[in-house]
Amino acid sequence: MKNPLLHRYWLEFDRGVDNWPPSSRWMMLLGGCGVTAFTVEDALRLVRESLFKDEPLPPLARIIEDVDITTLDAGHIRPNIHEPVRRGIWYPMGHYTSGGSQ
């Protein structure tokens, strides 16, 4: 059952920055990142703690709150998402994390 306090966020990172590192962690985020959280601040904290740890969060180009998953890329992103109704990162799927309170 979906928690009405949670929102699905789609984060798109600014790929135009000169210091975009070539690490695999950053490269897999070229298409964006999906996270379910209570607020945008909560979503950014989950991404920072789960994916970037000691690296800075790359600059954001866009944040879509309550993203309609059907609008995401049907060729790669949608077939590779994790369950987006629980709190945590659902794309990229290999980095799914549940942040506890659901």
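Guide: A residue counts as buried when its relative accessible area is under 20%, and as exposed when that area is over 50%. We shall apply this to the model above, which is predicted.

Visitor: Is Arg 87 buried or exposed?

Guide: Arg 87 is buried, because its relative accessibility is 4%, which lies under the 20% limit. This arginine sits in the loop between strand E3 (60-65) and strand E4 (88-91).

Visitor: With which side chain does the side chain of Arg 87 make a polar contact?

Guide: The partner is the side chain of Asp 42, at 2.6 Å.

Visitor: Which residues is Val 47 in contact with, leaving aside its neighbours within four places in sequence?

Guide: With those neighbours left aside, Val 47 touches Leu 11, Phe 13, Cys 33, Val 35, Phe 52, Leu 57 and Ile 89.

Visitor: How should I read the aromatic rings, and how many aromatic pairs are there?

Guide: One examines the distance between ring centres and the angle between planes; an angle over 60 degrees counts as edge-to-face. The count here is three aromatic pairs. One of them joins Phe 13 and Phe 52, edge-to-face, at 6.4 Å centre to centre with 65 degrees between the planes. Phe 13 belongs to strand E1 and Phe 52 to helix H2, so that the pair links parts of the chain 39 residues apart. Both phenylalanines are buried. Elsewhere, ring pairs link Trp 10, Trp 90 and Tyr 91 into a cluster.

Visitor: In which sense do E1 and E2 pair?

Guide: E1 and E2 pair in the antiparallel sense, over five bridges. Within that pairing, His 7 stands opposite Ala 37 in E2. E1 also pairs with E3, again antiparallel and over five bridges, and there Glu 12 stands opposite Arg 62.

Visitor: What of Val 40: where is its place?

Guide: Val 40 is in helix H2. At 25% relative accessibility it counts as partly exposed. Beyond its neighbours within four places in sequence, Val 40 is in contact with Tyr 9 and Ile 63. The C-alpha atoms of Val 40 and Trp 10 are 9.9 Å apart, although 30 residues separate the two in sequence.

Visitor: Finally, the backbone. Which residues does a cis peptide bond join?

Guide: The cis bond joins Tyr 91 and Pro 92, with omega about 5 degrees. Pro 92 lies in the loop between E4 and strand E5 (97-98).

Visitor: And what is phi of Asp 66?

Guide: Phi of Asp 66 is near 55 degrees, a positive value in a residue other than glycine. Asp 66 is found in the loop between E3 and E4 and is partly exposed, with a relative accessible area of 46%.

How values were computed:
Residues numbered from 1 in each chain as written. Predicted model: local features only at pLDDT ≥ 70, side-chain atom pairs only at ≥ 80, totals over all residues. Heavy atoms only, no water. Contact = heavy atoms within 4.5 Å. Phe/Tyr/Trp six-rings, centres within 6.5 Å; stacked < 30°, edge-to-face > 60°. Helix = DSSP H or I, 4+ residues; strand = E, 2+ residues; numbered from the N terminus. Buried < 20%, exposed > 50% of the residue type's maximum accessible area, 1.4 Å probe, protein only. Polar contact = N/O pair within 3.5 Å; in protein donor to acceptor, adjacent residues only side chain to side chain. Pairing = 2+ DSSP bridges.
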